[in-house]
Structures are given as C-alpha cells and as structure tokens.
Amino acid sequence: MLIRRESFQIVSAQAQLNAENRKALITRLRGFQDLIGARAHLAGRVEQAARRVAELHNFSEIRIPLLERIELYQRSSGETSDVVEKQMYSFSDRDEAETVVALRPEGTPGVVRAYIEAGFDRSDPEQRFYYFGPMFRRERPQKGRLRQFSQFGVEVFGRPDAACDAELLIMVDELRRELGLELQFQINSLGDSRCRPAFRDALLNWGRSNLDRLCRDCHERLERNPLRLLDCKIDVEVTASAPTTGEYLCDPCRDHFSIVEQLLTASGIPYVVNPRLVRGLDYYTRTAFEVVSSEIGSQNAVVAGGRYDGLVQALGGAPVAGTGFAIGVERLALALEATQLREEGPKVVVVALGNAAVPQANRLAADLRQRGLRTELTSPERGLKSLMRRADKLGAQYALIIGENELERGVVQVRDLRKSCQREIALSEVAEHVKTDAAQYL
Ligand code: HAM
C-alpha cells in the first residue's frame, strides 16, 4: 500500500513537472506550420517538378526580397483587395523616414518592380522569370489556408499575345502530368481598360437594384470593387442573375480569349469557362484562370494567375504586357498526398490494449487483410496515447481498439482518424463496416 502511494506521488510529481514544462513550451503561431519528414518531401517534389517545367520552357530564376515598401502592394494588388486591406503583415521601419514595409503577400508586384528597376522594360522587354519562396497573408487559417505559405510563380513580360496565356496553362498541365494529379482548369476573360468600365457599371447598377438581396459584405464590395460580387460565397444564388464579363467584352478581348480557347483545345487540355471567375487581386486584364483540385476541401485553388497588361506601367515602367501564375505549393502537396493515399488504399491500425486482446486483434487484422485493407497490428505493450501517435505517423484512416472491456462485450472501438470521431461496433460486423466506410477514401 505504502509503495503504491509513493509511486503515485512520484508519478503525479512527474506529471506536474511535465505540465510545467509544457507551459514553458513556445508553440508556433496560428496559420504557420512546420513541414517535417514526408510533408517536407512532398513540398520539395512540387518545387522540383515546377522548376523542371519552368526551365524546359526557358524561364530563368529571379530572387526578390521578402520585405518591400507597402505602396508596392497598395498600387498593384489593389487598395480594396482583401490581401492589401486586411491581410498584410506590415510595420514601420526604424529609419528616419519611418518607411512602412510589408512582408510580401504575393510575388508578382516584387517581380514587376525588380524588372523595371533592372531597366528591362526599356532595354530588353521580353523576359520570363520564375521564383519560389514564402508569402505571408494574415488570413483566417483553415485546411489549405495558411498565414505563411510558399508559392512557385512564373511571370512573362513583353508578350501580349494569346499564345503566351495558353503556354502558361500548358505548363500547368505538364506539371499536373509530372505529378500524376487530376486537376480542373477554369478560365475567364476580365476584359481590358476599354470594355471593363461598361461591365463594372452594369454590375454596379445590377447590385444597386438588388441591394436588399445581397449580404452585408457585398454591400461594401458593391461600392469599392463591384467585380468581387461575383465570387461571394454567400450570395451565389442571388448573383446567378448578375451580368458576367463575357457579355461586355470588346472585339479585341473577345478575339484574344477565343484564341486562348482554341489553343487549349488543340493541346488537348480540358477546361471550363467560369464566367464568375474574377480573381481577388486588382491588376488582372483579359485572361484569368484558376486550377482546382477536388481532393483538398474548400480551399481548392492550387494554381492561379492571368494577364496584367497595365501593371508594369502602373508601377512606373514602360507600357509592357505581363502575364503569369503562382502555384500554392502546400495546396498542391496536399493534393499529391490525397492522390497517393487513394492509390495506396486506406490503412487500418488494430490496437490491442494488453496481451489478452492480441488473439482477437490478430483474427480481426486477418479478416481486414482478406478484404484488401492494409492493416498493421501495434504493440500490445504500449499505452493508448503512444499507439495513437503511431497510427497518426502511419497515416492510417482507422484505428480499431480492443481492450479488456471490448473483449468481454464482443465489441470494437472504431476511430476514424481523419474525422476524429469514434463508434462502438460489434466484433462480428466491424471488418465489413470498415471496408464499406473506407470506400469514401478511395
Ligand atoms: P493568388 O490567387 O492570390 O494569386 O495565389 C496563388 C495561389 O497561391 C493560390 O491559388 C493558392 O494555391 C496559393 N495561396 C494563396 N493564398 C494562400 C494561403 N493563405 N495559404 C495557402 N496557399 C495560398 C497570386 O498570388 C498571384 N500573384 C498569381 C499570379 C502570378 N498572377 C500573375 N502572376
């Protein structure tokens, strides 16, 4: 009895020590992530494949700073864009002029600035660059939406022709094939400085006469940037009757878009025209596109880009055309991970809590394997927490737990590790249940 009490005291002292240690632990910030092992490897694969495709298309690398003057983003991404209005990490530098600087939320403005500063716009306008590195946006974090994420981007200058827009989409398709991914291409034309004002006015008028049906955010969007009404996630049904860009394109913009379409068809790239695609950054003209994955949840755009013919001039350069895209590296890595899982099939871990449960666990594991499910039996000598860590490390979808209590009652605890939920199922039904349920991961 005495020994027991002492050992209890030792254990609780240890637990207190651990708890205090945990308190001292400095954790990472929300929306920032550590990429370790397999995840880092997947992100590396995306980067390598993208570099290879870009170099085969004769792009050369450009490395630009992480910190720029805030005006660069205000003048390019747009004062009313969410990125500039709400999401920038900015602060005042400690120099005499108290320059306000911002961590880059995207690569395009910095590349355009560097292009002009190096004098290319006047001396040698046709250039093609690629870049890779971290971007920072103070967004609401969720799966696939981070506050620090990596982009692999490309920008082409001095090519106003539609063939260049098509080439960019062909590059994304090559990357998609190289990584073995299924992706959907969505394209649209946003018009140019000649036809866009009429479209903007039409949307404004439509919005004003439908004001009572629009959400609060759209009331604000309407006055500041009416194009953004079209990508409101709340008012999808209401804005179905709103004007779309296609109806307002001038002849040159219409021709440009139709050549892009013809070239994509000729290259065998399936695409859909999404007339609601307007993009969240202000500099786009004519072709805009997003490439989406159906494997990664609601933040599904893995690549996005388009033409920005007025941007070089707006930032003080010569009137040189520009177009490009950026890959969200973590999102593409997530799509890669989901595809790999699908190809390998779901994994099950059978957890026997104690040696008494092992024979039953062995029979259950054999039954699961017979049904084609990859199944691993974990050590019966470790605690539940450590076994669950093992299941997580293996990337298993299910942990089937059998302890003394389950043995007695002829049941199994079935934990779906992806959805973080648990159900108790009769031993005789569990293998069939898991097999049927696992079909959702195939
Ligand atoms: P964007 O659509 O803002 O465009 O971002 C491009 C891609 O970066 C997105 O499709 C997504 O995959 C990824 N991304 C954006 N925000 C996040 C986030 N918070 N967390 C994780 N991934 C994210 C641009 O940035 C333009 N500069 C693209 C471009 C280049 N247009 C012309 N040239």
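**Charges, fold and rings**

Modeller: One thing to start with: the mean positions of the chain's 61 positive and 62 negative charges lie 5 Å apart. Keep in mind that this is a predicted model.

Biologist: Okay, how many helices and strands does the chain have?
Modeller: There are 16 helices and 16 strands. The C-alpha trace spans about 85 × 55 × 50 Å along its principal axes.

Biologist: And what share of the residues is buried?
Modeller: Of the 442 residues in the chain, 49% are buried. The chain exposes about 22,900 Å², and carbon and sulfur atoms supply 49% of that area.

Biologist: Switching to aromatics, how many pairs are there?
Modeller: The count is eleven aromatic pairs, taking ring centres within 6.5 Å as the rule.

Biologist: Take Phe289 and Phe325: why is that pair edge-to-face?
Modeller: Their ring centres are 6.4 Å apart and the planes sit at 65°, so the pair counts as edge-to-face. The cut-off for that label is over 60 degrees.

Biologist: Where do those two sit in the chain?
Modeller: Phe289 belongs to strand S9 (residues 285-292) and Phe325 to strand S11 (residues 322-328).

Biologist: Buried or exposed?
Modeller: Both Phe289 and Phe325 are buried.

Biologist: Which residues form an aromatic cluster?
Modeller: Tyr115, Phe120, Phe129, Phe157, Tyr283, Tyr284 and Tyr308 form one.

Biologist: Last one: what about contacts across the sequence?
Modeller: Among contacts between residues at least 6 apart in sequence, 68% join residues at least 24 apart.

Conventions:
Residues are numbered from 1 along each chain as its sequence is written. This is a predicted model: local features need pLDDT of at least 70, side-chain atom pairs count only at pLDDT 80 or more; totals for chains, interfaces and linings use all residues. Side-chain values use heavy atoms; hydrogens and water are left out. Rings of Phe, Tyr and Trp (its six-membered ring) pair if their centres lie within 6.5 Å; planes under 30 degrees apart count as stacked, over 60 as edge-to-face and the rest as tilted. Helices (H or I, at least four residues) and strands (E, at least two) are DSSP runs, numbered from the N terminus. Buried means under 20% relative accessible area, exposed over 50%, partly exposed in between (1.4 Å probe, protein chains only). Contact means heavy atoms within 4.5 Å. Accessible areas come from the Shrake-Rupley method with a 1.4 Å probe; for residues, only the protein chains shown count as cover. Lys and Arg count as positive and Asp and Glu as negative; His and the chain ends are not counted. The place of a charge is taken as NZ of Lys, CZ of Arg, CG of Asp or CD of Glu.
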